[in-house]
Amino acid sequence: MSGPARFVLATANPDKARDIEAILAPLADRLELVDRPDDLGEVEETGETLEENALLKARVLCQATGLPALADDTGLEVDALGGAPGVYSARYAGEGASYAANVAKLSAEMEGRSDRRARFTTVAVAVFPDGTELLASGSVAGRILEEPRGGNGFGYDPVFCPDEGDGRSFAEMSRKEKNALSHRGRAFRLLAERLAGRLEASAGS
Ligand code: IMP
């Protein structure tokens, strides 16, 4: 009987990596996460959809390491902005924009708007050396706050208030509370269900 199946985590974003590690922690006996090699540059997100970008990242890491790879791509869609920033969420305020600059641009675009509905969507993928690709998507609906609130989390968390919560922004929640409701939590828990057969097979081999 061998140990847990090893997967390389394709994300170069430490904030996302910590969320994913926490979400998958209950599977630690069957699924071990390995950090991406430091010398591998960031994979350019040239796809036009979350799915394409997640697959691009996972395929590169799988090929570079010979290990199955996990990746995600996330977008924030704001109804009043026609679904923007969507797949361009990381570079909303320009290439290489900071979280603060992206939040400032979103707040400026939303000023005076009464329709503040928005949703986060994550597409999580697993790519295996044999070419198998598994995908799962997760979303959370909410609204864009008029003022940023809270010091936890990252990205747009201070201005996103999920509908299913208690009125706090994601940045006012603990990581555990956020992951229980979040787009990323939902996508990776569903992906883990889809991976279950392969994890059992590996643990039993
Ligand atoms: P990525 O392309 O999946 O790395 O994510 C795009 C951008 O969306 C990131 O740079 C963050 O600004 C934002 N983002 C991704 N996930 C989250 C989250 O869980 N909360 C808040 N913002 C996020």
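## The ligand and its pocket

On a 1 Å grid laid over the protein atoms alone, a pocket is an open set of points with protein on both sides within 12 Å along at least five of seven lines. A molecule sits in such a pocket if more than half of its atoms lie within 2 Å of its grid points, and in this structure the ligand sits in the largest pocket. This is a predicted model, in which local features need pLDDT of at least 70 and side-chain atom pairs count only at pLDDT 80 or more, whereas totals for chains, interfaces and linings use all residues. Residues are numbered from 1 along each chain as its sequence is written, and side-chain values use heavy atoms, with hydrogens and water left out.

The ligand is surrounded by 16 residues, and the closest are Lys16, Asp157, Lys178, His183 and Arg184; a residue is counted here if one of its heavy atoms lies within 4 Å of the molecule. Helices and strands are DSSP runs (helices are H or I with at least four residues, strands are E with at least two), numbered from the N terminus. Strand β3 (69-78) and helix α5 each supply at least two residues of the shell around the ligand, and β3 gives the most, with three residues.

A polar side-chain atom of Lys16 lies 2.6 Å from an oxygen atom of the ligand, and a polar side-chain atom of Asp73 lies 2.9 Å from an oxygen atom of the ligand. For Thr74, it is a backbone N or O atom that lies 2.9 Å from an oxygen atom of the ligand. Taken alone, the ligand exposes 480 Å², and the protein buries 95% of that; such accessible areas come from the Shrake-Rupley method with a 1.4 Å probe, and for residues only the protein chains shown count as cover.

His183 counts as buried because its relative accessibility is 2%. Leaving aside neighbours within four places in sequence, His183 is in contact (heavy atoms within 4.5 Å) with several residues, among them Thr74, Thr121, Ser139 and Lys178.

Thr121 is found in strand β5 and is also buried, with a relative accessible area of 13%. Not counting residues up to four places away in sequence, Thr121 touches Leu50, Asp73, Thr74, Gly75, Ser137, Gly138, Ser139 and His183. The side chains of Thr121 and Ser139 are joined by a polar contact of 2.9 Å.

## The start of helix α1

Helix α1 (residues 14-24) holds several buried residues, including Asp15, Lys16, Ala17 and Asp19. Asn13 caps the N-terminal end of α1, where a side-chain oxygen lies 2.8 Å from the backbone nitrogen of Asp15.

Glu133, whose place is in strand β6 (residues 133-144), is partly exposed, with a relative accessible area of 30%. Not counting residues up to four places away in sequence, Glu133 touches Leu55, Arg59, Ala126 and Val127, and a polar contact of 2.7 Å joins the side chains of Glu133 and Arg59. Asp115 lies in the loop between α3 (99-110) and β5 (117-127) and is partly exposed, with a relative accessible area of 26%. A polar contact of 3.0 Å joins the side chains of Asp115 and Arg117.

Glu48, found in the loop between β2 (31-34) and α2 (50-65), counts as exposed because its relative accessibility is 62%. Although Glu48 and Val87 are 39 residues apart in sequence, they are 7.0 Å apart in space, C-alpha to C-alpha.

## A cis peptide bond

Most peptide bonds are trans. A cis peptide bond joins Ala84 and Pro85, with omega at about -5°, and Pro85 is found in strand β4 (residues 85-86).

Definitions and conventions: Buried < 20%, exposed > 50% of the residue type's maximum accessible area, 1.4 Å probe, protein only. Polar contact = N/O pair within 3.5 Å; in protein donor to acceptor, adjacent residues only side chain to side chain. 1 Å grid on protein atoms, 1.4 Å probe; cavity = no way out; pocket = protein on both sides within 12 Å on 5 of 7 lines; lining within 4 Å.
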